Amino acid sequence: DAITCWFDHDNGTLATACGLAMQRSMSQFSRVQIVDGSEIALALKISVAIGPARRFLVGDDQIQIIDVLAGETLSRMAAAGGVAKRGELVVDPQTAKSLGHCVAISEWRSDDSGVAFAIVEAMTMAVAEPERLPQPHLTAQQVQPWLLAPVFNRLESGQGEFLTELRPAVPIFLKFSGIDYDHDDDTESRRLDHST
């Protein structure tokens with residue numbers, strides 16, 4: 001599975017430090033014994049790219065809405081993820097340039113298009129942890145549009161521990177091309193939630 005994290009006003013330093021900290025935390029799961037006695041290894045691969053991105057809220061608040069990030073920065077991050085191997089943190093060329101001597105790079109690796117990405121081994125400087133802000137309390141009314149009705153109803157009825165019953169799913173990956181998210185000011189007015 002995957003998650004995309006947004007670090008506001010970051011030149012790549014905080015995101016890279018966070019990624020390396022996640023890799024260190026995952027080292028405890030390099031050998032995990034499962035029920036049948038055999039062992040499996042869990043690992044992460046992490047990619048970092050810096051730059052602007054467009055954010056859209058897509059969907060119907062009567063069914064479910066989701067955040068969608070788009071633009072060239074996301075494309076570079078995906079390309080960096082494509083060259084990353086288990087246990088590695090990879091940054092795109094722009095991020096490597098921004099970080100400069102703040103990181104130790106173990107190697108450069110190119111993708112199929114010939115773009116070289118940096119495999120980061122460590123930070124060469126201390127990075128201060130960001131201030132931890134108190135988490136706001138969200139009301140049921142605020143949360144409901146972001147969850148599918150069966151999930152929301154389970155949580156509201158106090159049966160959140162049974163959500164694994166809803167595990168069967170079909171993943172859908174969508175790729176939109178021909179939209180210039182970075183330079184077209186009318187992008188936000190285009191309907192990404194259009195159905196036929």
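**Stop 1: the second largest pocket**

Start at the second largest pocket of this predicted model, which holds about 260 Å³ of space. Select Ala17, Cys18, Val127, Glu129 and Pro130. Of the 13 lining residues, these lie nearest the pocket's centre. Now show helix H1, residues 13–26. Helix H1 supplies six residues, the largest share of the lining. Colour the lining by residue class. You will find 10 nonpolar residues, three charged ones and no polar ones.

**Stop 2**

His9 is not a glycine, yet its phi is positive, about 55°. Most residues other than glycine have a negative phi. Is the residue buried or exposed? His9 counts as exposed, because its relative accessibility of 81% is over the 50% cut-off.

**Stop 3: a nonpolar patch on the surface**

Switch to a surface view. Select Phe29, Ile34, Ile40 and Leu42. Together they form a nonpolar patch with about 300 Å² of accessible area. Centre on Leu42. Leu42 sits in the loop between strand S2 (39–40) and strand S3 (46–48). Its relative accessible area is 41%, so Leu42 is partly exposed.

**Stop 4: a salt bridge between strands**

Next come the salt bridges. The structure holds seven. Side chains of opposite charge can pair when their charged atoms come close.

Select Asp67 and Arg55. Their side chains meet in a salt bridge, at 2.8 Å from N to O. This pair links distant parts of the chain: Asp67 is in strand S5 (residues 64–70) and Arg55 in strand S4 (residues 54–60), 12 residues apart. Asp67 is partly exposed, at 39% relative accessible area. Arg55 counts as exposed, at 52%.

**Stop 5**

Move to helix H2, residues 72–83. Select Glu72 and Arg76. They form a salt bridge, with the closest N and O atoms 2.8 Å apart. Both residues lie in H2, four residues apart, which is about one turn of the helix. Glu72 counts as partly exposed, with 39% relative accessibility. Why does Arg76 count as buried? Its relative accessible area is 12%, and buried means under 20%, so Arg76 falls in that class.

**Stop 6**

Select Glu88 and Arg109. Here the side chains meet in a salt bridge at 2.7 Å, N to O. The pair again joins distant parts of the chain, 21 residues apart. Glu88 lies in the loop between H2 and strand S6 (89–91), and Arg109 in strand S7 (residues 103–110). Both Glu88 and Arg109 are buried.

Salt bridges that share partners join Glu72, Arg76 and Asp92 into one network.

**Stop 5: the whole chain**

Zoom out and show the cartoon. The protein chain has five helices and eight strands. Trace them from the start of the sequence. The order is α-β-β-β-β-β-α-β-α-β-β-α-α. Along its principal axes, the C-alpha trace spans about 55 × 50 × 35 Å. Finish by colouring on accessibility. What share of the 196 residues is buried? Buried residues make up 24% of the chain.

Definitions and conventions. Residues are numbered from 1 along each chain as its sequence is written. This is a predicted model: local features need pLDDT of at least 70, side-chain atom pairs count only at pLDDT 80 or more; totals for chains, interfaces and linings use all residues. Side-chain values use heavy atoms; hydrogens and water are left out. On a 1 Å grid over the protein atoms alone, a cavity is a set of points where a 1.4 Å probe fits but cannot get out, and a pocket is an open set with protein on both sides within 12 Å along at least five of seven lines; lining residues have an atom within 4 Å of a point. Grid points are joined across faces, edges and corners, and a volume is the space filled by probe spheres set on the points. Helices (H or I, at least four residues) and strands (E, at least two) are DSSP runs, numbered from the N terminus. Ala, Val, Leu, Ile, Met, Phe, Trp, Tyr, Cys and Pro count as nonpolar, Asp, Glu, Lys and Arg as charged, and the others, Gly among them, as polar. Patches are made of residues with over 30% relative accessible area and no salt bridge: like charges are joined within 9 Å, nonpolar side chains (Val, Leu, Ile, Met, Phe, Trp, Tyr) within 5 Å. Accessible areas come from the Shrake-Rupley method with a 1.4 Å probe; for residues, only the protein chains shown count as cover. A salt bridge is a side-chain nitrogen of Lys or Arg within 4 Å of a carboxyl oxygen of Asp or Glu. Buried means under 20% relative accessible area, exposed over 50%, partly exposed in between (1.4 Å probe, protein chains only).
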